[in-house]
Amino acid sequence: MRSRSPNTSTIMAVVVAGVAATLLAGCGAGEPEAVGTTLAGRLLPGDQLPTGFAAVPYQVDDMIAANRSTLEQATKVGFEPAQCRPTADAAFNPHLTEDNTVLLAAQADGGTMTELVSTVRRNVDADRRDTSGPCRVVTSRPTTGVLAGARIVNTATELPAPYDDSLREAVEQSYLLRTDSVTTLADGSVRARSSYLANVLVKAPGEVVTVQLGVGSNDATAARSEPPMTEDVFAGLVRSAVERASRR
């Protein structure tokens, strides 16, 4: 498979989806190890990447460092409503290590895809609280860094669960959503980014693993952008990821 120079800020905007929809961060991942029932073998293989996407190299420890930096930046961001800070990411990301997490990232001309599989259990209920009800539309205002003075509005829309009868038993809990983010910079310019995200607790043999699958667009200098694939294609990708992660 051909390689590309990773668009690092775009990739991490998907990997750290809850926080990086608000903040810029950094990078992606490489090819999974040999197939099998190892944790790496539960990642989608390269030949199941969507059309036009190519894997890019990145290490889990680099992702962890980028996550840490992004979460630290989030402490200096004002959120409206105030209770809508990214609590699910804040609880999940500090527990990720090279031993309990594997990562795949890929890029296309229109955006980025990432898949994370981890034995760390994600709080999917917190994901839903962070992005639904009064937190469906969240305005954030960074006070430091390159986005200081910007106004960022994230609008989340829950997507239907895409599982058929053969997969429902493998899913303990899941939450799928689309997020549309519009950033008005301090100089008045506007850019938009749109993404799909699935957080799924999958019943694998002997354990439950977290599968996080994200697809995001590149930044667009417009009031709205579209993800680099349709909702139906993303739903199929989630089904494939769940099937792969749950197999015996």
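First, the ground rules. Residues are numbered from 1 along each chain as its sequence is written, and side-chain values use heavy atoms, with hydrogens and water left out. Since this is a predicted model, local features need pLDDT of at least 70 and side-chain atom pairs count only at pLDDT 80 or more, while totals for chains, interfaces and linings use all residues.

Let me start with the sheet. Nine strands make an open sheet, in the order E1-E3-E4-E9-E8-E7-E6-E5-E2, with antiparallel pairing. Strands E1 (54-55) and E2 (77-80) stand at the edges with a single partner strand each, so one side of each has no neighbour in the sheet. Strands here are DSSP runs of E with at least two residues, and helices are runs of H or I with at least four, numbered from the N terminus. Two strands pair if DSSP finds at least two bridges between them. E3 and E4 (residues 111-118) pair over eight bridges, and leucine 103 has leucine 116 in E4 as its bridge partner.

Now the salt bridges. The structure has ten of them; the term means a side-chain nitrogen of Lys or Arg within 4 Å of a carboxyl oxygen of Asp or Glu.

Which residue forms a salt bridge with arginine 168? It is aspartate 165, with the closest N and O atoms 2.3 Å apart.

Another salt bridge joins the side chains of arginine 178 and glutamate 226, at 3.1 Å from N to O. Arginine 178 is in strand E7 (residues 171-184) and glutamate 226 is in the loop between strand E9 (207-217) and helix H7 (231-246), so the pair ties together parts 48 residues apart in sequence. Is arginine 178 buried or exposed? Arginine 178 is buried, at 12% relative accessible area, whereas glutamate 226 is partly exposed at 46%. The cut-offs are under 20% for buried, over 50% for exposed, and partly exposed in between (1.4 Å probe, protein chains only).

Asp89, Arg122 and Asp127 are linked in a network of salt bridges.

Last, the surface. Asp61, Asp62, Glu98 and Asp99 gather there in a patch of negative charge. Patch residues have over 30% relative accessible area and no salt bridge, with like charges joined within 9 Å and nonpolar side chains (Val, Leu, Ile, Met, Phe, Trp, Tyr) within 5 Å. Glutamate 98 lies in the loop between helix H4 (87-92) and strand E3 (101-108), and is exposed at 51% relative accessibility.

Note on methods. Areas by Shrake-Rupley, 256 points an atom, 1.4 Å probe, with all protein chains shown as cover. Lys, Arg positive; Asp, Glu negative; His and termini not counted. Charge placed at Lys NZ, Arg CZ, Asp CG, Glu CD.
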